[in-house]
Amino acid sequence: MKTKTLITEALFAAIIAVFSVITISIGPVPITLSIFAIFLSAVILGGKKSTVSLLVYILCGAVGLPVFSGMRGGISVLLGPTGGYILSYIFITLIAGFSCDKLKNKPLIFLMCLLSLFICYAGGTIQYILITNTPLQAALVKCVYPFIALDIIKIMAALLIGLAVKKRLVFLDL
């Protein structure tokens, strides 16, 4: 593995961490910029490298570094009510990242990003329901519906910024 690749993956793990701790608490699931950072990573780095970056981020949080929302860390966050969302970020890097690697059609890439987001919502909401014993409809009202519009804007911003950055960084062979 190239040193440049390791540095780039570590840099994006740090970017995800910084954007994740910026939090607006509105209920059990806070508003963060982690979704934006993860999609940005997926667009710029592609599937494999963005997934490595995300796993580094999750491992840093799991061992206690305060990289999750609200400057929290530890395995208890991952096993808690909102940990399923963090663990489900992997679907974003895999689906959106590999879509950006393989597809040239921007509307199709956007649709794949939406698919990955909704899979992330599903995984996170299932864990939330299992841990809190909240009915599905109440969990959706608390954990999904308030975020859909803002997360779609984050996806669009990550695609616009990420594709522009990726085009300019092509010489770096990322």
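What percentage of the 174 residues of the protein chain count as buried? The share is 46%. The model described here is a predicted one.

## Secondary structure

The protein chain contains seven helices and two strands. Along the sequence, these elements are arranged in the pattern α-β-β-α-α-α-α-α-α.

## Overall dimensions

A compact globule of 174 residues would have a radius of gyration near 16 Å, and the protein chain agrees with this because its own value is 16 Å. Along the principal axes, the C-alpha atoms of the protein chain fill a box of roughly 50 × 35 × 25 Å.

Of the contacts in the protein chain between residues at least 6 apart in sequence, 69% join residues at least 24 apart.

## Nonpolar core

The largest nonpolar core holds 46 residues, of which F39, Y57, I86, Y89 and I92 touch the most other members. The elements that give two or more residues to this core are α1 (3–21), α2 (34–62), α3 (75–79), α4 (83–102), α5 (106–132), α6 (136–143) and α7 (148–168). The most comes from α2, which gives 14 residues.

When residues up to four places away in sequence are not counted, I92 touches I35, I38, F39, A42, G97, S116, L117 and C120.

## Surface and charge

The protein chain exposes about 8600 Å², and carbon and sulfur atoms supply 76% of this area. The protein chain carries 13 positive and 4 negative charges, whose mean positions are 3 Å apart.

Notes: Residues are numbered from 1 along each chain as its sequence is written. This is a predicted model: local features need pLDDT of at least 70, side-chain atom pairs count only at pLDDT 80 or more; totals for chains, interfaces and linings use all residues. Side-chain values use heavy atoms; hydrogens and water are left out. Helices (H or I, at least four residues) and strands (E, at least two) are DSSP runs, numbered from the N terminus. The radius of gyration is taken over C-alpha atoms; the globule rule is 2.2 Å times the number of residues to the power 0.38. Buried means under 20% relative accessible area, exposed over 50%, partly exposed in between (1.4 Å probe, protein chains only). Contact means heavy atoms within 4.5 Å. Accessible areas come from the Shrake-Rupley method with a 1.4 Å probe; for residues, only the protein chains shown count as cover. Lys and Arg count as positive and Asp and Glu as negative; His and the chain ends are not counted. The place of a charge is taken as NZ of Lys, CZ of Arg, CG of Asp or CD of Glu. A nonpolar core is a set of buried Ala, Val, Leu, Ile, Met, Phe, Trp, Tyr and Cys residues joined through side-chain atoms within 4.5 Å.
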